[in-house]
Amino acid sequence: MSGTPQPPPAIVYAVFAGPIDQEAVRRLFQGFTAVINNGGKHVHLLVQSTGGFIGDGVALYNFFRALPIDLTVYNVGQISSVAVVTYLGAKKRKVSANATFMLHRAYSSPQAAGSERLQSAADGLTLDDQRLEAILRQHITLADDKWAAHKLAEIWFSAQDAVKAGISDEIADFAPPAGMPLFNV
């Protein structure tokens, strides 16, 4: 029947652009589930994201690490904040020569909060900083002065710096073969 959707091929090329939030988690879970359930063996995923919610980024990081198929993630422009953590969950990570990464500590902007809510926000931020730093230290190598700078400000990485630090495995472009379907997640 011509109207029946075709299963994805064994090697899938997909793109994701947007914030790391609950909707992104749902779409990525759904997409990977479809690939796995239809016999997919390897996903090449382009990611463009300025970050989002820490819990959602950590969920994707853990999901990517547990996938029973190969996953190669590509940064073709910018991956920032918790999206870097998500990116680190992939077994294979590539970056275009002119792409960048940015890391910063967790932050919150509570408005009209009393002392109890401010303390709760501080406790949550401390927990988020601890878990993010634990993940980052598992994957990347930075000099002590860079770790110290990370506590105070954003730190940026060029593609070359990202490879040196272990954020990316190599400089390479996302390049689906001609005629290969491209999926949008």
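Visitor: Which residues of H4 are buried?

Guide: Keep in mind that this is a predicted model. A residue goes on the list if its relative accessible area is under 20%. For H4, that gives Asp128, Asp129, Leu132, Glu133, Ile135, Leu136 and His139.

Visitor: And what covers the buried residues of H4?

Guide: Look for heavy atoms within 4.5 Å of them. The cover includes strand E4 (92–95) and strand E5 (100–103). Helices take part too, among them H2 (54–66), H3 (82–88), H5 (144–150) and H6 (159–165).

Visitor: How does the span of H2 compare with what 1.5 Å a residue predicts?

Guide: H2 has 13 residues, so at 1.5 Å a residue it should span 18 Å. The end C-alpha atoms of H2 agree with that, lying apart by 18 Å.

Visitor: Are H1 and H2 roughly parallel or roughly antiparallel?

Guide: Helix H1 (residues 22–37) packs on H2 at an angle of about 15°, with the axes 9 Å apart. Angles under 35 degrees count as roughly parallel. That makes the H1 and H2 pair roughly parallel.

Visitor: Which residues of H2 does H1 meet, and what classes make up the contact?

Guide: From H1, the residues involved are Gln22, Val25, Leu28, Phe29 and Phe32. They meet Asp56, Leu60, Phe63 and Phe64 in H2. By class, the contact of H1 with H2 comes to seven nonpolar, one polar and one charged residues.

Notes: Residues are numbered from 1 along each chain as its sequence is written. This is a predicted model: local features need pLDDT of at least 70, side-chain atom pairs count only at pLDDT 80 or more; totals for chains, interfaces and linings use all residues. Side-chain values use heavy atoms; hydrogens and water are left out. Buried means under 20% relative accessible area, exposed over 50%, partly exposed in between (1.4 Å probe, protein chains only). Helices (H or I, at least four residues) and strands (E, at least two) are DSSP runs, numbered from the N terminus. Axes are lines fitted to C-alpha atoms, for helices over the stretch in contact, and angles run from 0 to 180 degrees between N-to-C directions. Angles under 35 degrees count as roughly parallel, over 145 as roughly antiparallel, 65 to 115 as roughly perpendicular and the rest as oblique. Ala, Val, Leu, Ile, Met, Phe, Trp, Tyr, Cys and Pro count as nonpolar, Asp, Glu, Lys and Arg as charged, and the others, Gly among them, as polar. The expected span of a helix is 1.5 Å times one less than its number of residues.
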